[in-house]
Amino acid sequence: MSLIEIKNLSVSYPSRRGVFKALQQVSLTLQAGEIHGLVGESGAGKSTIGSAIMGLLEHPGEISGGEIHFCGESIGELSDSALQQLRGSAIGMIFQDPLTSLNPLMSVGQQLIETICYHLKLSKSAAKERALALLKEVDIPQPEVRINQYPHQFSGGMRQRVVIALALCSEPKLLIADEPTTALDVSVQAQILELIKRLVKKHQLGVILVTHDMGVIAQTTDKVTVLFRGKVVESGPTQQLLAAPEHRYTQSLLSAVPRSDKKMPRFTQVSWLDGAKPLDKTDFARDWQGENNLHQSNAVPMLEVKNISLSFKAKSSIFSKTAAPTKAVDDVSFTVNYGEVFGIVGESGSGKSTIARLITRLYNPDSGSIHYRGESVVGKLQKQHLQNFRRRCQMIFQDPYSSINPRMRVRDIIAEPILLYGLNDRNGAYQRVAKLLDYLGLEQAAAVKYPHEFSGGQRQRISIARALATEPSLLICDEPTSALDVSIQAQILNILKDLQSELGLTMIFISHDLPVIRQMCDKVAVMKAGKIVELTESETLFTAAQHSYSQSLLKLMPDMHR
Amino acid sequence: MEQTNSHTPTAEQMIAADNTTLIKRIMDSDIFYSFIRSPLIVIAAMLCLTLIFSAFFAPWLAPYDPFDQTTLSLWAANLPPLSTDEDGLFYLLGTDNQGRDILSAIMYGMRTSLIVGLAAVAFALVLGTSLGLVAAFFGGWIDSLLMRIADIQLSFPAILVALLIDGVAKAVLGTSQMESLAIYVLILAIGLSEWVQFARAVRAAALVEQRKEYVQAARIMGVPVPYIMLRHILPNVVSPILVIATISIAVAIITEATLSFLGVGIPQTEPSLGTLIRVGGNYLMSGEWWITLFPGFTLVLLVLSFNLLGDWLRDALNPRLK
Amino acid sequence: MMNLKSIGNLTLKSAAIGAALLLATQIQAANTLRWSSAGDALTMDPHAQNETPTINMNRQVYDTLIQRDQNLKMEPGLALSWEPLSATQWQFNLRRGVTFHDGSAFSAEDVKFSIERAQANTSDFKAYVNTIESVEIIDDYTVLINTITPDPILPSYLTFVFMMDQTWSLTHKVSSPQDYNSSEETYAVRHANGTGAYSLLEREPDLKTVLQKNPNYWGPAAQIETIIHTPIASAPTRIAALLSNELDFVLDPPIQDLKRLDGEESIDVTSVPQIRTIFLGLDQGAKRLRSNPELGKNPLADKRVRKAMYMAIDIRAIKQKIMRGLAEPAGIITAPGVNGYNKALDSRLPYDRKQAKALLTQAGYPEGFKIRLDCPNNRYINDEAICQAVVSMLSKIDIKVSLNAQPKSIFFKTVGNNDSDFYLLGWGVATLDSEYVFRYLLNTRSDKIGTWNRANFSNAEVDQLIAKIQQEVDLAKRDQMIEQVWKITKEDITYLPLHHQVISWAMSSKLSLPIVASNEPLFRLATYKK
Amino acid sequence: MGAIGLAMYKYLLQRLVQGILVMLVVTFVAFAIFHFLGDPVNNMVGESATDADRQMVRLQLGLDEPVIVQYFKFVGNILQGDFGISYRTRTSVIEQMAVRLPATLELSLVSGFFSILFGIPMGIYCALQPKSWLSRNFLVGSLVGISIPTFLSGLLLIYLFSVTLGWLPSQGRGGLVSLGWWDTSLVTLKGWSYIIMPALTLCIYQLTLITRMVRAEMQEVIRTDYIKFARARGLSNYIVQYRHALQNSLVPVVTIIGLQLGTVVAFSIITETVFNWPGLGQMFIQSIEFVDIPVMSAYLIFVGAFFVILNLIVDLVYALVDPRLRAA
């Protein structure tokens with residue numbers, strides 16, 4: 001008998017604008033001791049399956065068809081209280097963000113003991129013993145000490161371990177893990193995945209692993225189901241499916257995943273997904289009035305960063321005991337040449353974004369210098385010089401939802417820098433906006449719309465259009481695609497690649513994602529704790545990394561091609 | 001950096017109105033949908049509009065002009081509702097102790113109350129919003145200072161602040177000037193006691209907005225600070241301002257009424273609702289209930305309709321309660 | 001079991017305590033008079049505040065040499081008899097065997113001390129005793145009072161000079177009234193040691209004053225054991241408390257409530273004309289109007305304008321509608337019962353709007369003019385409502401009046417500072433003699449006399465007459481001069497008289513308390529009906 | 001519970017310093033009013049005083065001295081607990097306040113107690129059963145409650161319960177039992193009969209506020225991941241709602257309730273006037289009417305100090321409840 005069997009499950013969310021079908025006729029089976037991956041892009045309905053099994057669909061969602069059998073029993077026929085008994089005792093669930101999954105006011109021990117007592121009806125002391133054993137099992141060091149601590153005293157990875165321990169309290173048979181490692185750094189992600197694998201073996205757990213990350217799927221799961229817009233596209237054993245995808249969607253999805261084993265000239269387009277017009281290749285150069293870096297002399301580097309440091313003093317925060325300054329950027333130097341794509345890679349908190357903000361003058365370095373075309377751009381500058389630099393140095397941000405002002409029309413967003421620098425009058429600016437929209441594959445009607453009418457990928461194009469509006473020569477991209485689905489990521493990266501190759505635009509490309517770095521960059525700096533630990537040609541890093549940290553990062557990188 | 005992907009389509013749709021299809025957009029928006037679906041709110045809105053309308057058009061709608069001393073007849077004083085005086089004039093809601101028609105007095109009184117309420121809130125809104133934006137944007141000691149002032153202000157509730165300002169103004173201006181300036185002093189006093197709400201809400205919302213990348217983008221571009229605050233941040237913190245403004249109007253009207261009740265508000269010759277209630281209150285025990293209860297009832301309806309609208313707006317504009 | 005029992009015990013005990021408390025309050029109620037008025041006495045120091053509520057409270061505790069009975073007739077108080085020995089010398093024979101509340105005996109020493117205390121700089125009663133040159137002690141029970149100038153109404157003034165105990169005052173360092181400069185409150189503010197029918201038992205300013213019957217009172221013993229006064233500022237609350245039997249007596253019920261109160265079986269209302277006349281003051285002496293300087297001149301200086309304003313006032317409407325019949329329209333600014341009052345003088349000009357308008361046109365104001373009316377809103381009965389009515393009535397002859405109604409503290413400051421063109425004032429006559437009106441309201445204004453003559457009326461003849469009146473001992477001659485002053489000022493229309501105020505008291509129908517026109521309750525005369 | 005961390009001491013110390021700063025500002029405002037607000041002399045001398053009398057009083061009051069001297073005297077006196085003498089009754093202001101303090105505090109506490117007693121359960125109910133008929137009624141009803149001005153509802157209550165029905169006393173404070181210098185009305189039934197109407201009138205505003213706040217906080221908390229996770233662990237609704245959700249919702253609510261109690265004291269101005277409740281608010285209104293400046297400034301300082309102390313208590317409670325602050 002299979003652990004869980006889902007037959008033709010449909011979930012719908014009725015709203016006044018009609019019924020949104022989150023899941024349509026989804027079927028899957030899971031055996032004990034098996035990890036089943038659910039993969040798909042946002043809106044595919046992969047998380048909804050987990051919620052449906054748990055009976056925790058958010059209002060007004062409802063199961064509109066199909067059945068879920070758990071150990072042969074139909075979940076749909078259970079009463080609310082029986083379902084509640086089933087949760088926790090037979091099915092456990094862990095969520096994406098370990099930072100918010102724990103009650104901040106209760107100690108870890110209290111939460112564990114409460115759950116254990118509730119399900120296993122143990123005495124307090126017995127429950128505490130089990131809690132300690134669980135903490136030990138999920139590899140929390142010094143469980144006797146940690147058990148009395150509060151969630152805020154744990155790091156992200158440690159918290160996710162506590163979350164797993166909590167989910168395991170009553171020895172469930174099924175664990176639903178909803179993007180369990182998305183919020184974590186690569187190194188921590190590897191450990192958590194390893195832990196899950198170990199627990200599966202030891203307890204004969206069945207795991208439904210929901211993720212958008214093909215690498216995670218490849219390395220962790222036994223079987224995989226690919227979902228697209230609430231429907232199952234393809235399902236099968238992981239190795240087989242990844243090696244030979246049958247459905248066109250799966251194929252394009254896989255091809256869109258940046259490869260870490262070799263550099264490709266371009267990504268395969270998955271354009272039929274986004275509703276945008278096909279974007280094979282855009283001719284930017286034809287109408288580019290800005291400087292073309294291809295024809296620049298290379299006497300001086302475009303950007304020269306020398307020994308910059310920046311510390312953040314904990315600003316009289318009520319939580320801080322001592323105001324020990326944290327060094328966000330510590331003695332960093334590098335140069336970026338004309339037409340080069342310079343990558344910066346590192347885990348969260350390594351200081352890579354701070355560098356972008358130092359170059360764009362959002363922060364002032366404590367020490368060190370930054371020269372753009374041989375002229376300092378740090379501290380007080382002459383107005384003319386400052387404006388020129390600002391115009392030539394533009395930035396693209398990570399989050400397409402917050403990087404453009406939701407209260408402004410698209411044309412005003414894009415025209416704002418043009419008008420600000422007085423490059424054109426309002427009419428001229430709008431004409432330029434129209435051209436930019438055209439380049440980036442957006443309809444002309446987009447100009448008078450507001451950002452909320454666009455998808456994430458389209459918004460990121462608007463963001464790029466704004467950056468290009470002033471004809472920059474240096475474009476800083478701070479994790480420009482990490483909030484996007486892979487297929488959209490491919491489109492955006494293609495656009496950036498085209499820009500670079502056609503205009504010879506100089507770029508600083510910041511990312512935590514090594515495969516993306518490999519696809520995009522000529523040179524890479526690896527950062528750790530504010531310092532550059534390795535600075536080398538991109539290809540060299542991936543073939544012969546020197547520093548041990550770079551090596552470990554490369555090793556831990558989940559990869560479906562390996 | 002923390003990412004707050006608070007995607008707020010309702011609020012956006014409401015504010016982000018395209019001129020050409022404004023009505024269509026409104027009709028289509030979630031907030032209008034939520035509005036039309038709650039009968040109580042529709043009633044409250046209609047009531048509110050009716051009251052505001054009858055207040056502002058009182059000179060044309062009211063049966064008598066209660067402020068026209070020349071037409072006032074003391075002999076028609078204290079008539080109960082539905083009476084006719086010696087000259088054959090009819091009074092639907094009766095007359096007060098000076099022979100004023102209660103219905104007309106209510107309409108004119110409501111006008112005074114509304115003017116004070118709206119002006120005080122407008123004043124508080126402008127002051128609070130700008131201080132909130134400044135505090136959020138500049139941070140540091142400016143922020144600390146402003147928020148500390150807000151703290152102190154908070155320890156003295158509206159009534160107390162208003163009483164004090166009124167007292168000080170009386171002392172500084174002298175009695176003769178005070179009379180003509182009473183309404184402005186009242187607006188200032190109530191406005192000053194309400195700005196903290198705006199400042200705090202705007203500051204909190206602006207702090208969130210300011211961490212968003214579109215503001216960083218603007219700063220990288222070198223957009224001037226006032227422009228960033230007004231063009232970029234302000235439109236994105238409109239929802240809390242709107243909610244607080246609606247509720248503040250209710251509070252301001254009640255505060256004005258209370259001050260007038262305590263005798264430090266609007267002079268009795270051009271009474272607001274509060275003054276009418278205060279004067280009428282003296283006749284409650286003697287059986288001339290209409291002098292105080294009708295204005296009282298009107299005041300409650302007016303305040304209640306604003307409160308209902310504000311309360312509904314608060315929920316309807318809260319993206320997290322969708 | 002033990003626990004339960006002890007809990008039981010505890011509840012029993014607390015119930016017993018509760019019952020005892022309830023019982024105590026009921027017993028207290030049987031021989032207690034609970035009364036209220038809008039304001040409290042400011043102080044128990046008998047010479048510190050010349051203000052009605054303060055005098056009211058002090059009169060229960062302190063006695064004067066001469067006092068007034070319920071009909072306001074002078075009767076012996078602590079002085080058994082008094083007589084003028086000459087134009088400037090009076091002899092007082094004191095009552096024997098009188099003791100203060102602390103048991104010490106009352107004697108001539110105390111009289112001399114008290115009068116001198118009332119003359120002190122910090123006293124608020126200086127004006128009443130400023131004609132006294134010296135007090136001579138003849139023996140323990142005889143004193144001579146020498147005056148600087150002849151003062152025929154000295155006895156009247158002395159009905160306000162309370163007698164204190166010299167020894168007690170010296171012991172507690174209150175030999176003079178409260179010194180404003182001291183930062184500590186003086187003993188006499190909360191404590192009292194008089195010879196009155198009641199002694200002060202408890203005093204919390206603005207909260208509660210409890211008086212207890214003085215068993216050793218020299219006069220007929222008071223009937224009621226305890227008097228409790230609680231000030232209640234809000235009139236509806238005060239009436240509600242009377243209606244719900246939380247009070248036995250309300251000194252100042254709003255007149256609009258009298259009809260309803262009278263209709264209640266458990267409540268009686270009595271009314272009496274008060275010695276107080278309400279009138280409008282017009283500054284005829286100013287060069288131009290303060291509230292309308294653009295006019296460039298002072299229309300009030302023109303008698304025709306004053307007359308027009310007078311005739312535009314429909315006093316009957318004010319009496320009927322605002323005063324609910326409880327007022328007597330006045331022709332002069334003093335009330336029946338005051339020496340010099342004359343029914344013939346007390347007649348009004350007719351209410352005639354047309355003629356008023358004509359007079360105004362004659363005077364050169366066919367379009368009227370703008371002016372501000374200053375008015376108290378918590379001093380006289382329905383003061384603000386009267387002013388509103390006046391505003392409305394004057395507007396009908398095109399005088400545009402703006403009303404400035406204020407609490408009495410601020411109002412008196414405005415008028416006192418000579419900042420008003422047009423104001424509403426009421427004047428009570430403490431001495432029951434017209435001279436009291438003349439010296440404050442009609443004499444040409446100076447530092448010493450005419451201090452409230454904010455009409456800035458100045459007439460040499462009147463001034464001469466007043467000076468004579470103040471010293472004339474021949475009462476018939478004096479009365480003639482008084483009549484003459486009244487005639488001159490009435491003819492001049494110096495003030496616009498409105499009405500003589502009628503006061504009403506509301507009390508439990510079980511209580512019998514004679515109403516006094518001075519609005520000062522005499523609790524020693526109060527009894528509960530059996 | 002874990003050891004109180006250094007961070008918390010530092011935090012509390014910081015709050016204390018802020019409190020002192022607030023008090024300095026309040027004192028300054030009080031002094032400014034004292035100094036600039038009108039001329040008290042006219043209110044002290046009688047209706048028949050002469051100009052010379054007035055001038056003499058001015059000198060006696062020290063109103064002719066330089067401002068700075070007066071300010072130093074003012075602060076020095078306050079530090080010694082000397083708020084001066086009322087211009088009107090010429091009694092010691094601090095004594096006057098001491099007599100009235102129990103009345104105001106009891107009224108505020110009882111009203112605060114009512115609003116918490118009813119407000120929190122109503123808020124919880126409204127958050128958990130947002131669609132139910134009862135919670136809609138709670139919400140609309142409480143809005144009606146705050147839309148009726150206190151002075152009107154007070155008068156109507158008196159009319160109904162005292163005059164018409166005769167059930168409750170209309171005014172004042174009775175049934176007092178003396179506990180040392182503190183006269184309480186809370187230990188006798190009679191005492192409660194006096195306090196119940198003013199307290200109910202006063203509590204309506206806070207009640208509405210607390211209901212709404214608890215509801216809003218609870219609705220937010222219920223949407224958090226840790227509540228979802230607690231449900232996913234199969235914990236019963238009861239545990240999830242009352243242990244996890246309520247606990248987390250109450251932390252911010254406690255702060256605001258504490259601060260609200262501060263405003264209750266000031267809100268009581270009107271209630272005390274209507275019900276003739278012998279508290280500080282009534283005293284303040286009287287002092288405004290008579291421009292009795294020492295009383296006005298003393299009241300200001302009292303409200304400020306009360307607020308600062310409440311703030312400190314709230315901060316302390318907050319620090320004790322929230323482990324993120326408590327830990328070293």
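**Exercise 1. A hairpin in chain C**

Task: In this predicted model, find how many bridges join β8(C) to β9(C), and in which direction the two strands run.

Solution. 
- Step 1. Locate the strands. β8 covers residues 198-204 of chain C, and β9 covers residues 208-213.
- Step 2. Count the bridges. Six of them join β8(C) to β9(C), and the strands run antiparallel.
- Step 3. Pick one pair. C:Leu200 has C:Leu211 in β9(C) as its bridge partner.
- Step 4. Look at the turn. Three residues lie between the two strands of this hairpin. In the turn, C:Asp206 has a positive phi of about 70 degrees.
- Step 5. Move on to the next strand. β9(C) is also joined to β10 (residues 226-229) of chain C, by four bridges, again running antiparallel. Here C:Val210 stands opposite C:Ile228.

A reminder on pairing: strands of a sheet pair through backbone hydrogen bonds, either parallel or antiparallel.

**Exercise 2. A sheet in chain A**

Task: Give the strand order of the open sheet of four strands in chain A, and name its edge strands.

Solution. 
- Step 1. Read the order: β2-β1-β4-β5, with antiparallel pairing.
- Step 2. Find the edges. β2 (18-30) and β5 (73-74) of chain A each pair on one side only.
- Step 3. β1(A) and β4 (residues 62-70) of chain A are joined by seven bridges and run antiparallel.
- Step 4. Name a facing pair. A:Ser10 stands opposite A:Gly65 in β4(A).

**Exercise 3. A residue in strand β1 of chain A**

Task: Decide whether A:Ile4 is buried or exposed, then list its contacts.

Solution. 
- Step 1. A:Ile4 lies in strand β1 (residues 4-15) of chain A.
- Step 2. Count neighbours. A:Ile4 has 23 C-beta neighbours inside 10 Å. The cut-off for a buried residue is 20 or more. So A:Ile4 counts as buried.
- Step 3. List the contacts, leaving aside neighbours within four places in sequence. They are A:Leu30, A:Ile53, A:His69, A:Phe70, A:Leu174 and A:Gly206.
- Step 4. Compare sequence with space. A:Ile4 and A:Ser74 are 70 residues apart in sequence, and their C-alpha atoms are 9.7 Å apart.

**Exercise 4. A helix in chain A**

Task: Find how many residues of α15(A) are buried, and what they pack against.

Solution. 
- Step 1. Check the length. Helix α15 (residues 456-468) of chain A has 13 residues. From first C-alpha to last, α15(A) reaches 18 Å, close to the 18 Å expected at 1.5 Å a residue.
- Step 2. Count the buried residues. Twelve of the 13 are buried, so α15(A) is largely enclosed by the rest of the structure.
- Step 3. Name some. The buried residues include A:Arg459, A:Ile462, A:Ile464 and A:Leu468.
- Step 4. Find the packing partners. They are β16 (393-396), α13 (410-420), α14 (426-439), β17 (474-478) and α16 (486-503) of chain A.

**Exercise 5. Chain A as a whole**

Task: Explain why chain A is as compact as a globular protein of that length.

Solution. 
- Step 1. Chain A has 19 helices and 20 strands.
- Step 2. The C-alpha trace of chain A spans about 75 × 55 × 45 Å along its principal axes.
- Step 3. Of the 562 residues in chain A, 48% are buried.
- Step 4. Check the contacts. Among those between residues at least 6 apart in sequence, 70% join residues at least 24 apart.

**Exercise 6. Where chain B touches chain D**

Task: State which helix of chain B gives the largest share of the side that touches chain D.

Solution. 
- Step 1. Size up the contact. It takes 33 residues from chain B and 34 residues from chain D.
- Step 2. List the elements of chain B that give two or more residues: α7 (140-155), α8 (158-211), α11 (238-261), α12 (273-281) and α13 (290-316).
- Step 3. Pick out the largest share. α13(B) gives eight residues.
- Step 4. Sort by type. This side of chain B has 23 nonpolar, six polar and four charged residues.

Technical notes
Residues are numbered from 1 along each chain as its sequence is written. Chains are lettered from A and ligands numbered from 1 in the order in which they are written. This is a predicted model: local features need pLDDT of at least 70, side-chain atom pairs count only at pLDDT 80 or more; totals for chains, interfaces and linings use all residues. The radius of gyration is taken over C-alpha atoms; the globule rule is 2.2 Å times the number of residues to the power 0.38. Two residues are in contact if their C-beta atoms, placed from the backbone, lie within 7 Å. Ala, Val, Leu, Ile, Met, Phe, Trp, Tyr, Cys and Pro count as nonpolar, Asp, Glu, Lys and Arg as charged, and the others, Gly among them, as polar. The expected span of a helix is 1.5 Å times one less than its number of residues. Two strands pair if DSSP finds at least two bridges between them.
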